Amino acid sequence: MDGRNETAPVPDLVWDFLPTIVLVPPLGIPANAVVLRLLLGKPNICSTSEIFVLNLAVFDMMFCFMVVIEYIYFMFNNTKANSNFLSWGLNQAGGPMLLCALSLDAFMAICHPLIFLHLKEPKLRLSLCLLVSVLAFTACGLAKLMLYKMALNLGILMVAMLTISTCNILILKSLRRPGPGGKDEGRECSRWCSRR
């Protein structure tokens with residue numbers, strides 16, 4: 001008999017998933033709705049990081065709705081394949097990648113302000129968000145098919161942690177220096193901003 005059609009130990013899995021179902025949607029849906037309302041209610045998205053925050057809120061909102069739907073479906077059709085929620089892949093792949101993008105955005109703004117001003121075009125951020133979305137849904141599909149699930153999730157989380165930690169350390173080191181991104185780059189950045 002195929003392992004994917006075997007009946008999963010329902011009582012164990014029900015209790016394992018229950019804290020997420022009870023806590024995450026009631027807290028996550030209103031919080032993400034407020035973030036979406038605040039960002040979409042503005043006349044324009046002025047900060048480059050707001051594009052990533054908006055996409056992160058959309059991902060979190062999707063996770064909150066999907067995890068409840070998948071949990072209810074699993075309760076009525078309890079197989080091992082159905083216990084492998086698609087929403088977990090979305091949460092474990094999309095969230096860390098968007099947090100990496102936020103960290104890299106802050107790193108470029110603080111440590112390399114001149115380059116950041118040249119790359120401030122919102123289309124670049126939207127393209128990056130689209131790429132993250134494609135990669136996240138690809139990771140979800142692979143996790144749902146149970147292909148490389150543990151290696152994929154661990155790989156994404158390790159790269160995300162390394163990127164975020166490195167960016168934060170470099171930002172803190174840069175903030176201890178006297179000018180933005182160093183004295184020479186700070187003067188050049190000031191001249192470039194005054195011309196605009």
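Predicted model: local features only at pLDDT ≥ 70, side-chain atom pairs only at ≥ 80, totals over all residues.
## Two annotated spans

Over residues 20–40 the chain is 100% helix and 0% strand, with the end C-alpha atoms 28 Å apart.

## The overall fold

Let's step back to the chain as a whole. Its secondary structure comes to eight helices and zero strands, and reading along the sequence gives the pattern α-α-α-α-α-α-α-α. The protein chain has 196 residues, of which 38% count as buried.

## Helix 2 against helix 4

Two packed helices are described by the angle between their axes and the distance between the axes. For helix 2 (residues 48–76) and helix 4 (residues 86–111), the axes come within 9 Å and cross at roughly 170 degrees. That crossing angle makes helix 2 roughly antiparallel to helix 4. What kinds of residue form the contact of helix 2 with helix 4? The residues there divide into 15 nonpolar, seven polar and three charged.

F52 sits in helix 2 and counts as buried, because its relative accessibility is 2%. The C-alpha atoms of F52 and L99 are separated by 8.0 Å, although the two residues are 47 residues apart along the chain. V58 is also found in helix 2, but V58 counts as partly exposed at 33% relative accessibility. Between the C-alpha atoms of V58 and L36, which are 22 residues apart along the chain, the separation is 7.7 Å.

On the other helix, F107 belongs to helix 4 and is buried, with a relative accessible area of 15%. F107 and S174 are 67 residues apart along the chain, and their C-alpha atoms are separated by 9.2 Å.

## A closer look at helix 6

Does the length of helix 6 agree or disagree with its residue count? Helix 6 (residues 122–144) has 23 residues, and at 1.5 Å a residue these should span 33 Å; the end C-alpha atoms are 33 Å apart, so the two agree.

Which residues of helix 6 are buried? They are R125, C129, V132, S133, A136, A139, C140 and A143. As a general point, an α-helix has 3.6 residues a turn, so residues three or four places apart point the same way. It is a handy idea to keep in mind while you look along this helix.

## Cysteines without bonds

How many disulfides does the model contain? The count comes to zero, with a disulfide taken as a pair of cysteine sulfur atoms within 2.5 Å. For C100, the closest cysteine sulfur is that of C167, and at 7.6 Å it is too far for a bond. C100 is buried, with a relative accessible area of 10%.

C111 is in no disulfide either: the nearest cysteine sulfur, again that of C167, is 8.2 Å away. C111 counts as buried because its relative accessibility is 5%.

Definitions and conventions: Residues numbered from 1 in each chain as written. Heavy atoms only, no water. Axes fitted to C-alpha atoms, helices over the stretch in contact; angles between N-to-C directions. Helix = DSSP H or I, 4+ residues; strand = E, 2+ residues; numbered from the N terminus. Parallel < 35°, antiparallel > 145°, perpendicular 65-115°, else oblique. Nonpolar A, V, L, I, M, F, W, Y, C, P; charged D, E, K, R; others polar. Buried < 20%, exposed > 50% of the residue type's maximum accessible area, 1.4 Å probe, protein only. Expected span 1.5 Å × (residues − 1).
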